[in-house]
Amino acid sequence: MSARSTLSRLSGTDLAPAPVAEDRDVARRRARARRRALIIALRIALAVTVVGVWEAGTRIACDGVDTASCVIDKFFFGQPSGIWAQLVTWVRNGTAQGPLWEQIVVTLEETVLGFAIGVVLGVIFGVLLGRNRLLADVAGPYIKAMNAMPRVVLGSIFTIALGLGMASKVALAVVLVFFVVFFNAFQGVREVDRDLLANARILGASQRLLSRHVILPSALSWITASLHTSFGFALVGAIVGEYLGARKGIGLMIATAQGTFNANGVYAAMLILAIVAILAEALVTRLEDHLIRWRPNAITDVTI
Amino acid sequence: MAFPAADIAGIWATVSAQPHAPAIELRGVTKRFVTPAGKSFTALRDLDLVVAEGEFCAIVGPTGCGKSTTLSLISGLEPPSIGDVSVLGEPVLGVGKSIGYVFQRDAVFPWKNVLDNVAIGPRFRGAATSEANARARDWIARVGLAGFERYYPHQLSGGMRKRVALAQTLIIGPRILLMDEPFSALDVQTRVLMENELLELWGTSGASVVFVTHDLEEAIALADRVVVITAGPGTVKSTYHVDLPRPRNVAEIRFQPRFVELYEEIWKDLRDEVLVSYERTKHAVAS
């Protein structure tokens, strides 16, 4: 090792130029770095262009009296600077229904609660029906019928039954999440490798142990695949629930902005929602990596 | 309470037969499956097979002749359609406790690391985690994987995964060891190594082995007895005793004249069945 490094140091400084193979690697690495920088620059350029054109459109060809005379009418379509001003106002002075952070926390709480309950119920019922043929055959058509229905309409029922508080939003999120997770868990249980099942039975597993050590872990890769989608659904459930009737939350902010013809308000709330969703998505990815760390692409490093 | 004479004779027969009972006995076994298309498919027809205690029995036959089915019947994973299967003198009614089964494909649990994979048998059977882990460490060392306890199967090579499967199976101390083409997916060098290791482990365990393979060389090198199964529906075509001395070195035994003799003899039998099977697949593809 040391002899080799001495040699390379010698060849690098005093003797011959570095071997060709090494040269190419360096060049390749440099090309990759350049490409990354280019992509980031182009992304920024794209955002700046879109926002710039939008902003310019709301200021070009205006007659000074009517916003409808501009290329883009900011009354209907909003204006980036207006959206920014709206965000600043919300942060400084709070929203119509209280401080901004409170709205975010409420929506997040509803989303996470709905997500968690929906996932747990989905997994339980999915595994139960996946393991029990009779139950699956009996319940099958009903589940299909319920799944075929656009479940967002249940939001109205929940608002009537559970009121304007958090419960109605959580319920809607649960219903949306449940079916996604349920079908994945159900399929995951059905797709368990037969050899693994046989092996576990030979090794002495009872039905209960079989579920815990073979069926659940095997179904987990299916279930985790559904977590991304279902978290999105949980957020939809919370927002739509708030939209239908609430006292707090980002959905209510959007509904309020819509009610006062405040297009900038709708966009600003959307922006907040997008940021919240991206951060939450990152957390779900972390959860997923943890749950399926045994899978080849999920593992980064192993220390023993 | 008086037993009829015949009953007493029967009871006496079973009691006295117990110590000398063969490890595995299949009598007049037929196994049919229902295909997904709803047709009945006969995998085995009227098969008789007896394996003595501590015997290493290899089963060879063409692809699809029901070799694997035989193993699933012995293990109790599948019941026979007709006939009787008994293991260690007891009729097989479900998955037996004294059976070890090494599958053709990797059947180690991909979500468990090596230690948990090997310890799972004892844990399924009620051992405390610490005791199961201690025994697992011992077996991991015995199959030459010490230091890999925390690795997941996908981080190991095919040969190493096979070692995990062996340790996982042998840790429960099976008296019957069923192996379904366990080394067929390995490269030739690794395979020879594993075969030698298997013979060594088997030598200390005294288990009865049924080793299914399509590789006649492997069968002769390992076994005391080679059973040739006909092209499906499978039944026993012929049985050969392998009188090669033990301990054997699988890598070198292939060059012994007696090995070559046996090979030629058995291959004559096997070749016909392979040809039958080959013709069938050809027709199946053609039609």
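Visitor: Is A:Phe261 buried or exposed?
Guide: In this predicted model, A:Phe261 counts as exposed because its relative accessibility is 59%, and the cut-off for exposed is over 50%.

Visitor: Where is A:Phe261 found?
Guide: A:Phe261 sits in the loop between α11 and α12 of chain A.

Visitor: What about its phi?
Guide: A:Phe261 has a positive phi of about 50°, although it is not a glycine. Most residues other than glycine have a negative phi.

Visitor: Which other residue has a positive phi without being a glycine?
Guide: One is B:Glu181, with phi near 40°. This residue is found in the loop between β7 (176-180) and α6 (188-205) of chain B.

Visitor: And is B:Glu181 buried or exposed?
Guide: B:Glu181 counts as buried because its relative accessibility is 10%, and buried means under 20%.

Visitor: Most peptide bonds are trans; where is one that is cis?
Guide: The peptide bond from B:Arg246 to B:Pro247 is cis, with omega near -5°. B:Pro247 lies in the loop between β10 (236-241) and α8 (250-253) of chain B.

Visitor: Now the rings. How many aromatic pairs are there over all chains?
Guide: The count comes to 16 aromatic pairs over all chains. One of them joins A:Phe75 and A:Phe261, which are stacked at 6.1 Å centre to centre, with 15° between the planes. This pair links distant parts of the chain, 186 residues apart: A:Phe75 belongs to helix α3 (residues 74-77) of chain A, and A:Phe261 to the loop between α11 (250-259) and α12 (263-291).

Visitor: What does an edge-to-face pair look like here?
Guide: A:Phe182 and A:Phe183 form one, at 5.2 Å centre to centre and with 75° between the planes. A:Phe182 is buried, with a relative accessible area of 3%, whereas A:Phe183 is partly exposed at 31%.

Visitor: Which aromatic cluster includes A:Phe182 and A:Phe183?
Guide: Those two residues form one aromatic cluster together with A:Phe125, A:Phe178, A:Phe179 and A:Phe186.

Visitor: Let us step back. How many helices and strands are in chain A?
Guide: Chain A has 12 helices and zero strands. Buried residues make up 38% of its 304 residues.

Visitor: How do α5(A) and α8(A) pack?
Guide: Two packed helices are described by the angle between their axes and the distance between the axes. For helix α5 (residues 100-131) and helix α8 (residues 166-190) of chain A, the axes come within 6 Å and cross at roughly 35°. The crossing of α5(A) past α8(A) is right-handed. Their contact has 21 nonpolar, five polar and five charged residues.

Visitor: Changing topic: what is the volume of the largest pocket?
Guide: The volume of the largest pocket is about 880 Å³. Its lining has 26 residues, and those nearest its centre are A:Arg194, A:Asp195, A:Leu197, A:Ala198 and B:Glu78.

Visitor: Which elements give two or more residues to that lining?
Guide: In chain A they are α5, α8, α9 (194-202) and α10 (207-244), and in chain B α2 (67-75). The largest share, five residues, comes from α9(A). By class, the lining of the largest pocket has 10 nonpolar, seven polar and nine charged residues.

Visitor: And how many cavities of 30 Å³ or more are there?
Guide: A search of the whole structure finds one cavity of 30 Å³ or more. The largest cavity has a volume of about 50 Å³.

Visitor: Which residues line the largest cavity?
Guide: Among them are A:Asn199, B:Tyr101, B:Phe103, B:Lys162 and B:Thr169. The elements giving two or more residues to the lining are β6 (99-102) and α5 (158-170) of chain B, and the largest share, four residues, comes from α5(B).

Visitor: What classes are those lining residues?
Guide: The lining of the largest cavity has five nonpolar, three polar and three charged residues.

Terms used:
Residues numbered from 1 in each chain as written. Chains lettered and ligands numbered in written order. Predicted model: local features only at pLDDT ≥ 70, side-chain atom pairs only at ≥ 80, totals over all residues. Heavy atoms only, no water. Axes fitted to C-alpha atoms, helices over the stretch in contact; angles between N-to-C directions. Left-handed = near helix turned anticlockwise from the far one by under 90°. Nonpolar A, V, L, I, M, F, W, Y, C, P; charged D, E, K, R; others polar. 1 Å grid on protein atoms, 1.4 Å probe; cavity = no way out; pocket = protein on both sides within 12 Å on 5 of 7 lines; lining within 4 Å. Points joined across faces, edges and corners; volume = space filled by probe spheres on them. Phe/Tyr/Trp six-rings, centres within 6.5 Å; stacked < 30°, edge-to-face > 60°. Buried < 20%, exposed > 50% of the residue type's maximum accessible area, 1.4 Å probe, protein only.
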